[in-house]
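Reader: I'm new to reading protein models. Could you walk me through this one, feature by feature?

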Amino acid sequence: MHKFLIITLSLLALCSCQKGPSVGPGDEEHLASAAESDCGFIQNAYGQRVSWKKNIPVTLQLHKDYPPQYEDILKKAAHHWDESAGMTLFRFVRTENLLPEVAKKDTQNTVHWQQEWSESQKNMQGLTNLYWKGTQIYESDVAINNKYFNFFLENPTTPYDVHLESLLIHELGHVLGLKHRSTVPSVMWSVLNGAIKRDTLTTADRETIKCEY
Ligand SMILES: [Zn+2]
């Protein structure tokens, strides 16, 4: 059974989680608590954690629109997770492959710097699609909302600017299979306020990543 989930990061304190069309999602959350501790991970319909298992590192292809000057910050964001797991979890490649203009399911893992963004989702700073079969994640696509947000590396210009490293740490957490947290300090909180830096993994984040990697 193939499943997928779209996870977003939003400015608003609303639930920004969205479940995409999937087969029989009905009582997934309820069932999920039965089989295996979630440990901060998304779970399948049987309550098992989904992750990349042994298929690490995950190779993510950068869309041509992803700014070259922001490649280092993407690697820096990945390094937080690498360092915590004690292994290399991500590889990033520039590819000649023609990638779709917007993130979509196509068997390729991608990072999109997207100019195209639906107005109904304009509060979402970023969005990660995750696809799995059984407990095995087999594709993930990250999209950064470059239409409605401006980003900063060190100092924001306006109170609405998004700290890019913090956003990338969060989205890469989703790529690894992590879900939103709300009860413990975590980089996986669903809300990242403008002009705020949240670029340090917490104790909970470090414990979480060790559950699967
Ligand atoms: Zn999120």
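Reader: Among contacts between residues at least 6 apart in sequence, what share joins residues at least 24 apart?

Author: Two residues are in contact if their C-beta atoms, placed from the backbone, lie within 7 Å. In this protein chain, 65% of the contacts between residues at least 6 apart join residues at least 24 apart. Keep in mind that this is a predicted model, where local features need pLDDT of at least 70, side-chain atom pairs count only at pLDDT 80 or more, and totals for chains, interfaces and linings use all residues. Residues are numbered from 1 along each chain as its sequence is written.

Reader: What is the mean pLDDT of the protein chain?

Author: pLDDT is the predictor's confidence in each residue, from 0 to 100. Here the mean is 87, and 86% of the residues reach 70 or more. Watch residues 10-33, though: pLDDT stays under 50 there, and the model has 38 contacts beyond four places in sequence for them.

Reader: How many helices and strands does the protein chain have?

Author: Helices (H or I, at least four residues) and strands (E, at least two) are DSSP runs, numbered from the N terminus. You'll find four helices and eight strands, in the order β-α-β-α-β-β-β-β-β-β-α-α from the N terminus on. Among these elements, helix α1 (residues 28-35) has the lowest mean pLDDT, 49, while helix α2 (residues 71-85) has the highest, 98.

Reader: At what angle do α2 and helix α3 pack?

Author: Axes are lines fitted to C-alpha atoms, for helices over the stretch in contact, and angles run from 0 to 180 degrees between N-to-C directions. α2 and α3 (residues 164-175) pack at about 50 degrees, with their axes 9 Å apart. That makes the pair oblique; the cut-offs are under 35 degrees for roughly parallel, over 145 for roughly antiparallel, 65 to 115 for roughly perpendicular, and oblique for the rest.

Reader: Which residues of α2 and α3 meet?

Author: On the α2 side they are I73, L74, K76, A77, A78, H80 and W81, and they meet L164, E165, L168, I169, L172 and G173 in α3. By class, this contact has nine nonpolar, two polar and two charged residues. (Ala, Val, Leu, Ile, Met, Phe, Trp, Tyr, Cys and Pro count as nonpolar, Asp, Glu, Lys and Arg as charged, and the others, Gly among them, as polar.)

Reader: How do α2 and helix α4 cross?

Author: The axes of α2 and α4 (residues 203-210) come within 9 Å and cross at roughly 65 degrees, so the two helices are roughly perpendicular to each other. W81, S84 and A85 of α2 make the contact with D205, R206 and I209 of α4.

Reader: Is T157 buried or exposed?

Author: A residue is buried if 20 or more other C-beta atoms lie within 10 Å of its own, exposed if 12 or fewer, and partly exposed in between, with C-beta atoms placed from the backbone. T157 has 9 such neighbours, so it counts as exposed. T157 sits in the loop between β7 (151-152) and β8 (162-163). A195 is 38 residues from T157 in sequence, yet their C-alpha atoms are 8.4 Å apart in space.

Reader: What is the phi of A195?

Author: Most residues other than glycine have a negative phi, and most peptide bonds are trans. A195, in the loop between α3 and α4, has a positive phi of about 70 degrees although it is not a glycine. As for the peptide bonds, a cis one joins I56 and P57, with omega about 5 degrees.
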